[in-house]
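Please open the model in the viewer and keep the selection panel at hand.

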Amino acid sequence: MGLAAKKVVALSILNDSVIKVGEEYIDQKSVEWISVIEMPVENFVRENEFVLTTGIGCHGDPKLLEQFVKDVIQSGASMLGIATGRYVFDFPDQLITLAKKHQFPIIDIPWDIRFGDIMQMVLEEINKDKKTERQQSEEVRQELINDVLQSKGLEEIADGIYKHIKLPIIINDYVKKIRTSKHVEKDIISIFTHEEMIPTQDPSMFEGTYVDHPLYPHMEEYKVGEQRWYQLLIATNHRKQGYLWFRLEKKEDLTWFVMNVLEHSLTACALYFLKENAIEMTEIRLKDNFLLQLSKDKKPNEQDLKSKAQLLGYDLDLTYLCIVGEISWKEEYADFPKLKKDSPTTSSLQSINYYIQKEVTNAANLLDRKTMATFDENEVIIYLETDHHLHTETANQFLDTIDRRLNELLTEVEMSWGIAARKNNNSGFYESYYEAKTALEIGQQQFGCGERIFFKDTRINRLLITVSSDSTVEQIVQDTIKPLIEYDKKRKTDLIQTFMAYNKYKGNVSQTARALNLHRQSLLYRLRNIESLTQLSLVNSDDVFLLELSIRLWMFRKIE
């Protein structure tokens with residue numbers, strides 16, 4: 001924020017002053033402060049300052065005067081006013097050459113003009129200019145907020161921003177999809193759309209100029225093609241909503257007023273995204289109720305479902321996979337109560353469900369598939385359009401896309417998935433949900449969280465569930481392998497694992513010994529122990545089947 005230098009030299013107090021050098025550069029300079037300095041300069045002059053001097057410290061020495069001016073220039077001052085007639089009478093050629101080289105204005109001020117009067121008038125103008133700029137900035141803020149309240153879109157909001165800052169801008173959402181742009185070339189749009197942006201490692205060219213502005217620490221510089229672009233994060237409630245980008249060609253394009261407008265623009269954009277999120281969440285709730293009915297009603301009214309589906313934009317005649325996911329906290333975050341409180345019942349921006357819903361939509365668009373998705377507490381229910389013979393491939397591509405994005409956005413949670421194909425009958429949605437839910441539960445029991453399991457791959461587990469619930473079978477299992485369990489506990493051995501490896505390699509002693517990293521004689525000793533403890537023969541196929549089934553049932557019940 002500064003007063004134009006041409007306004008300063010046009011003040012009535014300086015009517016009798018003469019611009020000795022640099023008049024052509026006056027339009028490019030701004031004045032933020034004014035001070036009186038004599039030698040030495042050291043660090044007493046700050047950037048964009050109008051410096052006044054009598055030259056008393058130079059003692060009439062042209063070389064000292066030249067060094068003094070050089071120090072003032074290096075300090076970043078806007079211009080220099082020298083009172084002539086007492087200590088300085090003329091300007092040496094070397095001094096004029098120095099000022100021209102650095103495009104630095106020097107003003108010849110008559111001795112009888114008091115510095116105090118000059119300072120008073122300049123400071124009044126600076127304060128007046130600041131007041132006008134603050135008022136303009138406040139008007140811009142109200143204008144942008146009103147645009148949001150009047151339900152204008154991002155396009156209109158971007159028009160308002162550009163009108164005030166006259167800089168090319170881009171607004172994109174948190175997945176980097178461009179929502180609107182103003183005065184941006186097509187090739188630059190293409191770079192933003194298809195390439196990963198990497199911040200520049202060079203120090204910002206604004207170091208020191210706007211360091212006191214609250215927006216300054218949040219500016220990130222990028223080189224896009226041959227252009228300089230700056231990124232500002234749009235955020236609400238510590239969740240990123242998107243980014244506001246603006247382009248600069250030269251340092252002078254960025255002013256305090258522009259910085260203030262950009263700050264207000266971030267607020268307007270954040271409010272817009274907040275409003276957009278609220279509208280989306282209302283629509284999601286209507287769809288939630290329908291999909292919960294679709295997945296959990298065992299005997300639905302088919303005509304009623306189709307009517308509701310049509311109103312919500314769903315096509316129930318397509319072939320769908322059912323995918324059921326469960327949200328869980330990663331182990332390293334389990335001790336943080338603040339994360340546990342961030343449940344799906346909080347606001348749309350704090351809800352993990354909201355971000356999962358967005359990623360489901362993005363993944364479906366990427367694969368060009370229709371989806372229907374909802375949430376039930378920590379459970380995610382998704383119906384994904386698929387081809388008749390590509391269930392596994394479609395599901396894996398879809399979930400790979402979702403998991404990759406969620407790992408970046410929600411590092412504190414992990415997802416477990418169960419997948420099943422829909423049956424082609426009236427209760428097909430209910431049956432595929434039940435099967436996907438079953439696959440999810442079996443996968444979590446057997447492998448823990450963070451896995452994906454297809455229902456078709458759980459046949460042996462479902463069989464074991466059915467068989468293991470019989471009390472007679474349970475007693476047979478206990479009688480068969482209890483001696484092995486007790487022996488392993490007492491002797492710190494692993495006869496059960498030894499048998500499973502032996503059975504896996506179809507009784508091949510050499511392969512089993514290599515797999516278990518055992519000596520052949522040690523393996524044979526273990527196998528004789530197994531036969532002795534169980535009273536079963538490992539060369540009898542019925543005995544081997546009984547022992548394997550008993551161990552599998554025991555291991556499954558142990559997992560449960």
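In which helix is the place of Asp488? Asp488 lies in helix H14, which comprises residues 471–491. The coordinates belong to a predicted model, with an average pLDDT of 85 over the protein and a score of at least 70 for 92% of the residues.

Keep Asp488 selected and display its surroundings. Asp488 is buried but forms no salt bridge; Arg526, the nearest side chain of opposite charge, is 7.4 Å away. The side chain of Asp488 does reach the backbone nitrogen of Ile496, at 3.5 Å. With neighbours within four places in sequence set aside, the contacts of Asp488 are Thr493, Asp494, Leu495 and Ile496.

Next, select helix H16, residues 509–516. Begin at its start, where a side-chain oxygen of Asn508 comes to within 3.1 Å of the backbone nitrogen of Ser510. Then highlight Val509, Thr512 and Ala513, which are buried. In a view down the axis of H16, the buried residues fall within an arc of 100°, so they line one face of the helix. Just after H16, select Asn517, whose phi is positive, at about 60°.

Finally, select residues 333–350, where pLDDT stays under 50. The model has 31 contacts beyond four places in sequence for residues 333–350. Where pLDDT is low, predicted coordinates should not be read in detail.

Definitions and conventions
Residues numbered from 1 in each chain as written. Predicted model: local features only at pLDDT ≥ 70, side-chain atom pairs only at ≥ 80, totals over all residues. Heavy atoms only, no water. Helix = DSSP H or I, 4+ residues; strand = E, 2+ residues; numbered from the N terminus. Buried < 20%, exposed > 50% of the residue type's maximum accessible area, 1.4 Å probe, protein only. Lys, Arg positive; Asp, Glu negative; His and termini not counted. Salt bridge = Lys/Arg side-chain N within 4 Å of Asp/Glu carboxyl O. Polar contact = N/O pair within 3.5 Å; in protein donor to acceptor, adjacent residues only side chain to side chain. Contact = heavy atoms within 4.5 Å. pLDDT = per-residue confidence, 0-100. Arc of directions from axis to C-beta.
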